[in-house]
Amino acid sequence: MRIALVAETFYPAVDSTTRTLKATADRLVDAGHTVRIIAPGPGLASYRGCDVVRVRPLEPASGQVREAIADFAPDVVHAASPRLVGRKALKHAVRAGIPTVVVEQSPVLDLAADYWKAKVAARASTLLVTSRWMVARARELGVEAEVWAPGVDPLAFHPRLRDPWLHESWSKAKSQHGPRVVVGYVGSLEKRHGVRRLAELADLRDIRLVVIGDGPERAWLERRLPDARFTGPLETGDLTIAVPTLDVLVHPGEHETDCHALREAAASGVPVVAARAGGAPDVVRHLESGLLFDPADRHDLRRAVAAVATDKHRRLLGAAGRELVAERTWADAVDELLTHYPAPAPLVA
């Protein structure tokens, strides 16, 4: 098939949508499909032999996107979390009679709901979302959607990649009081991810908080978590070492969709503490691979982290988590995604 992948960001960015799209492109290329990626510029112009058409930011996007689609003549246009570029791609695909698949990886907020229904959902031949709660959210808006769950790379994220030296450093093993339990957060430091709740862990005894990521809330968190280690954002290669080196992963967000950090922690054998909300219950099995806390209880996050951190058998939670998520690799996920694409037109002799 000829597949146009359209996104608002692409590699070398490290956001959630980019990670999903990169894994999708990798599998499609490996399977022999012809892929063109359309994304805002600047950035690399090719990826694994695929054209990456960059939409120039200082020129009108509509004509650039229309030309990129018409010139490629795809069998399907796949738009990931469509915003400016994705909406233009959907508009031109519908006009040209090209089937469209939308993978919505962002929460649909009330203020944008009507616009999203008209400009995104109404233009999707197939609408997929990445968690069960998003199916319910779409239904609230009168839109039908199906779940397509992302995968994980269980070879890249593996317990054997745990770095003892790095753990010794993060846990302050040589301090007067001995090593602490390393509790990590991985993701963007934005209010919508609930990161301000990390401050509730500031005086929790015998843990060391490691915050991996960056964003507008970093300065706020640094003032309230003076003992925490802030690494800034890490590339995927560094994450494959950093995540298995944690003892516990915590994610307080209530509206998560892809849950990449939760899947990667589980694949790394790291137990997870997450909100009993959003997409986390799709990934974390309470008391089996981690703990789900009640986000409405302002003390429950702290209790859950303390319970896992003090559990001498917490590695059993991590082992169970790996067993659960490793069942769905990126190859499995993208092969399933292909079943939602239209069948290619038969070749004419």
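## Basis of the model

Helices (H or I, at least four residues) and strands (E, at least two) are DSSP runs, numbered from the N terminus. This is a predicted model: local features need pLDDT of at least 70, side-chain atom pairs count only at pLDDT 80 or more, and totals for chains, interfaces and linings use all residues. Residues are numbered from 1 along each chain as its sequence is written, and side-chain values use heavy atoms, leaving out hydrogens and water.

## H167 in helix α6

H167 sits in helix α6, residues 164-170. Its relative accessibility is 16%, so H167 counts as buried (under 20% relative accessible area; exposed is over 50%, partly exposed in between; 1.4 Å probe, protein chains only). H167 touches R162, V182, T245 and D247, leaving aside residues up to four places away in sequence. Contact means heavy atoms within 4.5 Å.

## Nonpolar cores

A nonpolar core is a set of buried Ala, Val, Leu, Ile, Met, Phe, Trp, Tyr and Cys residues joined through side-chain atoms within 4.5 Å. The largest one has 29 residues. L198, L201 and V273 have the most contacts inside it. Several elements each supply at least two of its residues, including β9 (181-186), β13 (272-275) and α11 (300-309). Helix α11 gives the most, with five residues.

L201 touches I207, L209, V250, L301, R302 and V305, not counting residues up to four places away in sequence. A second, separate core has 28 residues, among them L166, V182, L246 and A265.
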